[in-house]
Amino acid sequence: DSGVTQTPKHLITATGQRVTLRCSPRSGDLSVYWYQQSLDQGLQFLIQYYNGEERAKGNILERFSAQQFPDLHSELNLSSLELGDSALYFCASSVGAPHQETQYFGPGTRLLVL
Amino acid sequence: EDQVTQSPEALRLQEGESSSLNCSYTVSGLRGLFWYRQDPGKGPEFLFTLYSAGEEKEKERLKATLTKKESFLHITAPKPEDSATYLCAVHQGGSEKLVFGKGTKLTVNP
């Protein structure tokens, strides 16, 4: 158990809908990262937050957005869903300090868009 | 562009048959190289972090090494429970993101 929690575990929805994925980082970690994993793409970095502020952006679509709250939990919002958004979504957390950049991953949310 | 290439894509071993997985990278200012293990449908599980060429780390049957261009994950006398996909990722100086390779799927037969 990495100490990172994600809810829900599974999500089935329809095209055009909007969903919210939630992540709680390990105790003491200030950085939260979101990744998408699909069969053909591997793990792709989406976005990072550090202590409530956006720190880095990867290949995140404009239909997707995220935020980190004062209690450090984070939410990833996916809107106008398409079939191709079906994937595993992982959250990871780290302390965020030099030489403490190891990211610990949560169990993931499996999203299926029908 | 940062590149992380893992080889082989898949590896089948007999129980007890030692081998190595390779991770080659092209990145300027390496800030860290990470190895993870991932079981199907689960989140990546952290194994090792390596920061500089020549560094080695060990955990049970696994040993990770790092040079200036690649890293190896050596598996000694593997057991069926070592079957998983092993992922390599690099952290470049000046960037916050991890760039992952596509992984090596290891199968250890009893």
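## A tour of chains A and B

Start at Glu55(B), which is buried at a relative accessible area of 19%. Here buried means under 20% relative accessible area, exposed over 50%, and partly exposed in between (1.4 Å probe, protein chains only). This is a predicted model: local features need pLDDT of at least 70, side-chain atom pairs count only at pLDDT 80 or more, and totals for chains, interfaces and linings use all residues. Residues are numbered from 1 along each chain as its sequence is written, chains are lettered from A and ligands numbered from 1 in the order in which they are written, and side-chain values use heavy atoms, with hydrogens and water left out.

**Salt bridges in chain B.** The rule asks for a side-chain nitrogen of Lys or Arg within 4 Å of a carboxyl oxygen of Asp or Glu. Lys57(B) is partly exposed, at 30%.

Next, select Arg61(B) and Asp82(B). Their side chains form a salt bridge at 2.8 Å, N to O. This pair links distant parts of the chain, 21 residues apart: Arg61(B) sits in the loop between strand 6 and strand 7 of chain B, Asp82(B) in the loop between strand 8 and strand 9. Strands are DSSP runs (E, at least two residues), numbered from the N terminus. Asp82(B) is buried, at 7%.

**Backbone stops in chain B.** Go to Glu60(B), in the loop between strand 6 (56–59) and strand 7 (62–66) of chain B. Its phi is positive, near 55 degrees, and the residue is not glycine. Glu60(B) is exposed, with 71% relative accessibility. Now pick Ala77(B), in the loop between strand 8 (70–75) and strand 9 (84–92) of chain B. Phi there is near 45 degrees, again positive in a residue other than glycine. Ala77(B) is partly exposed, at 36%.

**Two cis prolines.** Select Ser7(B) and Pro8(B): the peptide bond joining them is cis, with omega about -10 degrees. Then move to chain A. The bond from Thr7(A) to Pro8(A) is cis, with omega near -10 degrees. Pro8(A) lies in the loop between strand 1 (5–7) and strand 2 (10–13) of chain A.

Show strand 5 (residues 42–50) and strand 6 (residues 53–57) of chain A. They run antiparallel and are joined by four bridges; strands pair if DSSP finds at least two bridges between them. Tyr50(A) stands opposite Glu53(A). Two residues lie between the strands, and Asn51(A) has a positive phi near 50 degrees.

**Inside chain A.** Select Gln36(A), in strand 4 of chain A. It is buried, at 16%. Its side chain makes a polar contact with that of Tyr89(A), at 2.9 Å. For salt bridges, select Arg26(A) and Asp29(A), whose side chains meet at 2.8 Å, N to O. Arg26(A) is partly exposed, at 22%, whereas Asp29(A) is buried, at 2%. A salt-bridge network links Arg63(A), Glu82(A) and Asp85(A).

**The interface.** Finish with both chains. 22 residues of chain A are in contact with 18 residues of chain B; contact means heavy atoms within 4.5 Å. Across this interface the rule finds zero salt bridges. On the side of chain A that touches chain B, strand 4 (31–38), strand 5, strand 6, strand 9 (87–94) and strand 10 (104–105) each supply at least two residues.

Terms used:
Polar contact = N/O pair within 3.5 Å; in protein donor to acceptor, adjacent residues only side chain to side chain.
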